[in-house]
Amino acid sequence: MENTHSPSPSTSTPQKTLWRVHAGIGIFIGTLFILPVITILALADNLLGLPFVPYDMFSFVRDLLPGAVLTFGIDSMVAVIRLFGLDTDTTAKIAEQAMAIGMVVIAAAVVGGVAYFVINRIKRDAVTIGALAGVAFGVAMALIVAGKNITATASPIAGLLWVLVLFTLWGLAIGWAYAQLQTIGARPVTDDNTLQSAERRKFLVQIGGASATLTVIGAGLSAFFQPEVDTSDAFEVTTTGETLGTQPTSTETVYAENLQIPAGTRPEITPLDDHYRIDISARPPVIDTETYRLKVHGMVESDLQIKLTDLVEGYEPVNQYVTLSCISNQVGGDLISTTTWTGIPFRVLMEAWKVNPLAQYVKITGADGFDEWVDLGVARTDERVMLAYAWDGEPLKQKHGFPLRIYIPDRYGMKQPKWITEMEFVREWGEGYWVRRSWSEQALVQITSVVDSVAQEEIYQQDGVYYVPIGGIAYSGAKGISAVEIRVDDGEWMPAQLKTPLSDTTWVMWRFDWAFTPGQHTFRVRAKDRAGRPQVETNAPVRPDGATGIHSRRATLDEPAEA
Ligand SMILES: Nc1nc2c(c(=O)[nH]1)N[C@H]1C(S)=C(S)[C@@H](COP(=O)(O)O)O[C@H]1N2
Ligand SMILES: [Mo]
């Protein structure tokens with residue numbers, strides 16, 4: 001600006017302006033250079049089990065956020081995923097992983113900008129200051145890794161050094177880039193200073209290209225070497241034991257054993273690959289079968305460190321069909337699934353561990369830091385409370401809590417930790433991970449029902465009347481379902497038929513055959529539990545106590561083709 005009226009920039013531009021590189025360029029270069037660093041981190045993670053900083057950064061930021069903000073973030077994400085009809089499990093994790101990377105990129109942009117600002121201020125050697133910025137960034141990241149990492153398998157010291165070295169190199173690189181830009185700026189000006197900015201631009205394009213190339217190569221390599229965490233051979237699962245709760249304790253309800261379920265209704269047992277999945281980390285904890293020990297302490301006769309094989313081989317396993325739902329499941333949402341669980345009744349374990357009769361709760365902690373308090377009053381009286389190690393006859397998948405998770409009937413998933421590493425028997429209750437973030441203390445399952453399908457392809461004729469079969473589920477935790485009713489448009493509520501459920505804690509499949517009239521219709525459903533309590537029909541959001549309200553589905557029925 002000052003030299004607008006100067007006859008020649010070479011004489012009027014003060015020397016010192018040539019020495020400065022704008023802090024905005026620092027933001028740009030900081031961002032540019034962190035991208036290959038992230039792909040190198042990913043590669044080292046996949047090949048050597050070194051920590052992947054972004055996921056730990058994600059956990060760090062997550063734990064800093066107030067519960068309401070966190071929940072809002074998750075709800076918005078789930079809403080967007082549903083809006084686009086995407087699969088919640090994989091999409092949510094990809095979104096979280098992208099956010100994790102984004103957080104480190106933003107941090108690098110800030111550190112880059114600040115570093116250039118400082119260099120401009122104190123006018124010292126750019127490389128030294130860049131390196132110092134890198135060390136500071138590296139120390140911060142190493143501290144976060146030390147506090148939050150749950151996935152690295154390499155030695156922790158190696159992991160911290162690796163992070164420190166890599167971020168220091170990043171700092172050196174941004175300092176070097178500053179020095180380069182400075183050199184270009186300091187060159188004696190032959191023509192006019194457009195030449196200098198052209199050269200600077202050329203330099204920025206060059207380092208941009210180099211960084212992009214490294215990033216793409218690194219990302220490709222790390223995708224290629226991505227390890228599969230396969231837990232299926234971790235131990236032998238026996239499923240020949242007793243299966244609990246298969247005789248629903250209903251006196252009045254008439255269930256039909258072989259009720260034909262209309263096409264388009266979800267399967268009664270969710271294929272394992274489709275089972276919903278919700279947890280707090282960008283990537284689930286990695287647990288080594290050999291070195292794993294379950295820590296049992298507090299009000300027990302003596303503290304214990306239990307090997308996985310001692311649990312799996314040491315007790316008679318029991319099986320249960322279980323429907324699990326997330327408290328964040330919307331009415332009609334997909335965060336609900338059913339599969340078989342195999343494990344050890346918790347009561348049996350409490351006896352074996354000689355839990356003090358005065359203990360009131362067990363505080364259960366997962367490898368990801370997630371924790372919950374379980375009421376021992378429930379665990380002592382309800383034989384269905386189980387420490388589970390297998391789903392669908394196989395060791396738990398990594399994402400579903402390998403090697404151990406707990407099952408507590410009638411509670412939403414948030415009360416049931418996965419990746420259990422520690423159990424402490426205590427007298428006092430405490431607020432678990434989501435309770436601290438202002439979700440329900442008890443998290444008892446709400447009664448809910450869903451219309452899955454209006455099966456046009458199964459329209460049939462009987463005595464001159466055309467019927468369309470409608471199908472769906474009803475679920476009430478462990479409270480059972482005694483009735484399901486359907487309402488078409490503004491008509492009467494009419495009873496549906498119920499299929500005998502797999503157990504008294506699974507969802508119930510239902511069917512309703514409607515003598516239809518062609519046109520567009522709205523189908524609504526509601527249910528009652530075994531005690532005759534009706535489902536809550538008023539809409540409530542998922543937070544804090546789980547969603548309530550009536551599910552409806554619209555369908556247009558065509559004139560039946562005359563046979
Ligand atoms: N350790 C741990 N356990 C956890 C969670 C978690 O984030 N960490 N999420 C809980 C929640 S909110 C739900 S809904 C269920 C989901 O279990 P799934 O992902 O195996 O379906 O796990 C529960 N157990
Ligand atoms: Mo959940």
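Helices in these legends are DSSP runs of H or I with at least four residues, strands are runs of E with at least two, and both are numbered from the N terminus. The model shown in every view is predicted.

**View 1. Polar contacts of ligand 1 with Tyr276, Ile280 and Arg405.** An oxygen atom of ligand 1 lies 2.8 Å from a polar backbone atom of Tyr276, and an oxygen atom of the ligand lies 2.9 Å from a polar backbone atom of Ile280. With Arg405 the contact involves the side chain, where an N or O atom is 2.7 Å from an oxygen atom of ligand 1. Ligand 1 taken alone exposes 530 Å², and the protein buries 99% of that area.

**View 2. The second largest pocket, whose space is taken by ligand 1.** The volume of the second largest pocket is about 730 Å³. Its lining comprises 40 residues, and the closest to the centre of the pocket are Ile74, Ile278, Asp279, Ile280 and Trp434. At least two residues of this lining are supplied by each of α3 (53-64), α4 (67-83) and α5, and the largest share, 8 residues, comes from α4. By class, the lining of the second largest pocket has 24 nonpolar, 7 polar and 9 charged residues.

**View 3. The largest pocket, which holds about 1,100 Å³ of space.** Of the 37 residues that line the largest pocket, Gln97, Gln226, Pro227, Arg283 and Gln398 lie nearest its centre. The helices α2 (23-48), α5 (88-122) and α8 (194-224) each supply at least two residues of the lining, with the largest share, 8 residues, coming from α2. The lining of the largest pocket divides into 16 nonpolar, 12 polar and 9 charged residues.

**View 4. The largest cavity, with a volume of about 90 Å³.** Among the 15 residues that line the largest cavity, the closest to its centre are Ser325, Asn329, Gln330, Tyr412 and Thr448. The elements that give two or more residues to this lining are the strands β13 (448-454) and β15 (465-475). The lining of the largest cavity contains 8 nonpolar residues, 7 polar residues and no charged ones. In the model as a whole, the count of cavities of 30 Å³ or more comes to 4.

Technical notes. Residues are numbered from 1 along each chain as its sequence is written. Chains are lettered from A and ligands numbered from 1 in the order in which they are written. This is a predicted model: local features need pLDDT of at least 70, side-chain atom pairs count only at pLDDT 80 or more; totals for chains, interfaces and linings use all residues. Side-chain values use heavy atoms; hydrogens and water are left out. A polar contact is a pair of N or O atoms within 3.5 Å; within protein, one must be able to donate a hydrogen and the other to accept it, and residues adjacent in sequence count only if both atoms are side-chain atoms. Accessible areas come from the Shrake-Rupley method with a 1.4 Å probe; for residues, only the protein chains shown count as cover. On a 1 Å grid over the protein atoms alone, a cavity is a set of points where a 1.4 Å probe fits but cannot get out, and a pocket is an open set with protein on both sides within 12 Å along at least five of seven lines; lining residues have an atom within 4 Å of a point. A molecule sits in a cavity or pocket if more than half of its atoms lie within 2 Å of its grid points. Grid points are joined across faces, edges and corners, and a volume is the space filled by probe spheres set on the points. Ala, Val, Leu, Ile, Met, Phe, Trp, Tyr, Cys and Pro count as nonpolar, Asp, Glu, Lys and Arg as charged, and the others, Gly among them, as polar.
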